[in-house]
Amino acid sequence: MRALLISIFLTATTAHAQTIVKGKLLKEVAIEGKPSFFFKIHGSGRFISYSLANDPNRPAGAGTNHLLELATGSLMTIPGPWDPVFVANSNYMILPRGTDASYINYELRDLNKLLRNNPTSHIGDVPNVTGLYQSVGVLSTQGPKTKIRLIAEDGYRNHKVKDFTYNSATNSLNVDQVGVTHKLCSNQDLKLPMLSKDGQFLGGLDLKTKKSAIWKINPDFTCDKVLDLSLKTGKLNFSYDSTKVTYHVYGEPVEAKEDAAENYIPIPSDSFVSDVYVLDLRTKVTTRVTSNRETNSMYPDFTADGQLVFINHHHDDARKVTFSFLRL
Amino acid sequence: MKALLALLILMSMSAFAKEPFTDKDLHQALSKNESGIIYLWSPFMPLSVIGREEIIEVAQNLNLQLILVVDPLATQTETPDPLMMSRDLMKFGVLDHYPAIALYSEGKLVKDVIIHGYEQKQTLSELINSYLNGKNL
């Protein structure tokens, strides 16, 4: 693995383009480059993973995965073309292998070793799973054993689920489970599922209602819908205790900009604004977190201690992409 | 010489400056009463970039019109694709994930159909064909 330490611009900015309407902004981190919209925050809040297109100006090729350590500002290139995923709050990551859009394999990596550029960070391949748009949860942790659930899309409306155990004491994947891959939610019609951190629930797009929804995963890997959100959202993420979900939604156009959108303008219109929401699954109360006019706040997720983290793509192209950390 | 170089660079940049794809453009396309595909991609989403090349082939094979539009946050790409600034498409939900495919036929968008996420060419051809033929998948 080739690791590259890149200088990075980290700031605690004082002027915020996004408008926080709920919660206390703890910090905002600006970075160089425009990550692909999928980014992941580690459960500790100490690391961010994301992908960058190799050349965002050209319609060709895959991206490159990156791992940012917030305390030091060091940015590393890590394996895989896209979709680098932390295994919740654990010391592991699952990274796609391959560079094209065929349904690709996944590998388990040791996060600490990745950070030290240790070439032995590769623990093993996750066998018999191919797919795109992976999502990962931790089913249980017992001493050195971490039971991990990985889901991935493998064809239209076809999702696979793989449960396996990694034993860090013996550095082995559980051979009893590695050969078994199940179809996920075969009784449902859904797309773009995201697992809860405990691997027991998923949020996604219900293709029958065309709305986002939440399902419970049964022991036989069928799924029961437990909540329809009655709206279509960006990808959902669960809190670590599975009592909340967070998502972004594109808002209504800013009417003051109506004329501008109809005329030639070389920069993105302010009409397109996305905002972050949190839904409490116990009370069913939805809280709007941002109310933007010039920024798209997107792909929110939680840390293990309940901070809300999301990415901001500012309409002003001169502004750097930022990550906001909030306490609700 | 420097001035000439600067001019050439400016000309090159303006060639790829992003024009918007607005509701007016959408309704103009729909008014032709043809069948077609609207493909929204983002340079920040690698799979949507790969899919951009593939959808051209899919549209050709299916003999469908193709409108390529790009993430409104992408101010500069080396493509002529306009920025997605159609509010009707936004309300339709295309921005929720990249790539996103909307279909149109007989002067209107195919109701409730958005194909989100990368799909391989064969699957995509079958899906588009089915939706345009009114099959409720």
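1. In the largest pocket, the largest share of the lining, five residues, comes from β6(B). Helices (H or I, at least four residues) and strands (E, at least two) are DSSP runs, numbered from the N terminus. The model is predicted: local features need pLDDT of at least 70 and side-chain atom pairs count only at pLDDT 80 or more, while totals for chains, interfaces and linings use all residues. Residues are numbered from 1 along each chain as its sequence is written, chains are lettered from A and ligands numbered from 1 in the order in which they are written, and side-chain values use heavy atoms, with hydrogens and water left out.

2. The volume of the largest pocket is about 440 Å³. It is lined by 24 residues, and those closest to its centre are Lys232(A), Lys91(B), Phe92(B), Gly93(B) and Asp96(B). Two or more lining residues come from each of β19 (244-250) of chain A, and α4 (87-92) and β6 (108-116) of chain B. On a 1 Å grid over the protein atoms alone, a pocket is an open set of points with protein on both sides within 12 Å along at least five of seven lines, a cavity is a set of points where a 1.4 Å probe fits but cannot get out, and lining residues have an atom within 4 Å of a point. Grid points are joined across faces, edges and corners, and a volume is the space filled by probe spheres set on the points.

3. What is the make-up of the pocket lining by class? There are 13 nonpolar, four polar and seven charged residues. Here Ala, Val, Leu, Ile, Met, Phe, Trp, Tyr, Cys and Pro count as nonpolar, Asp, Glu, Lys and Arg as charged, and the others, Gly among them, as polar.

4. Lys232(A) and Asp96(B), both named above in the pocket lining, also form a salt bridge, 2.9 Å from N to O. Lys232(A) sits in the loop between β17 (223-228) and β18 (237-238) of chain A and Asp96(B) in the loop between α4 and β5 of chain B, so the pair joins two chains. Both Lys232(A) and Asp96(B) are buried. A salt bridge is a side-chain nitrogen of Lys or Arg within 4 Å of a carboxyl oxygen of Asp or Glu; buried means under 20% relative accessible area, exposed over 50%, partly exposed in between (1.4 Å probe, protein chains only).

5. Over all chains there are 19 salt bridges. One of them links Arg97(A) and Glu107(A) at 3.1 Å, N to O. Arg97(A) is in strand β7 (residues 92-97) and Glu107(A) in strand β8 (residues 104-110) of chain A, so the bridge ties together parts that are 10 residues apart in sequence. Arg97(A) is partly exposed at 36% relative accessible area, whereas Glu107(A) is buried at 2%.

6. Another salt bridge pairs Lys160(A) with Asp154(A), whose closest N and O atoms are 2.7 Å apart. Lys160(A) is partly exposed, at 23%; Asp154(A) counts as buried, at 13%.

7. Six cavities of 30 Å³ or more are present. The largest cavity holds about 160 Å³ of space. It has 14 lining residues, and Lys40(A), Phe86(A), Val136(A), Lys197(A) and Asp301(A) are the closest to its centre. In chain A, β2 (35-41), β6 (85-86), β9 (122-142) and β14 (190-195) each give at least two residues to this lining, and β9(A) has the largest share, three residues. The lining divides into eight nonpolar, three polar and three charged residues.

8. Val309(A) belongs to strand β23 (residues 308-314) of chain A and is buried at 0% relative accessibility. Beyond neighbours within four places in sequence, its contacts include Phe39(A), Ile41(A), Asp301(A) and Phe325(A). Contact means heavy atoms within 4.5 Å.

9. Asn296(A), in strand β22 (residues 295-302) of chain A, is buried too, with a relative accessible area of 1%. Beyond neighbours within four places in sequence, its contacts include Tyr250(A), Phe272(A), His313(A) and, from chain B, Leu73(B).

10. Helix α5 (residues 121-132) of chain B has 12 residues and should span 16 Å at 1.5 Å a residue; its end C-alpha atoms are 16 Å apart, which agrees. The expected span is 1.5 Å times one less than the number of residues. Buried residues in α5(B) include Leu124(B), Leu127(B), Ile128(B) and Tyr131(B). Among the elements covering the buried residues are β2 (36-41), α3 (46-62), β5 (100-105) and β6 of chain B. After α5(B) comes Gly134(B), with a positive phi near 80 degrees.
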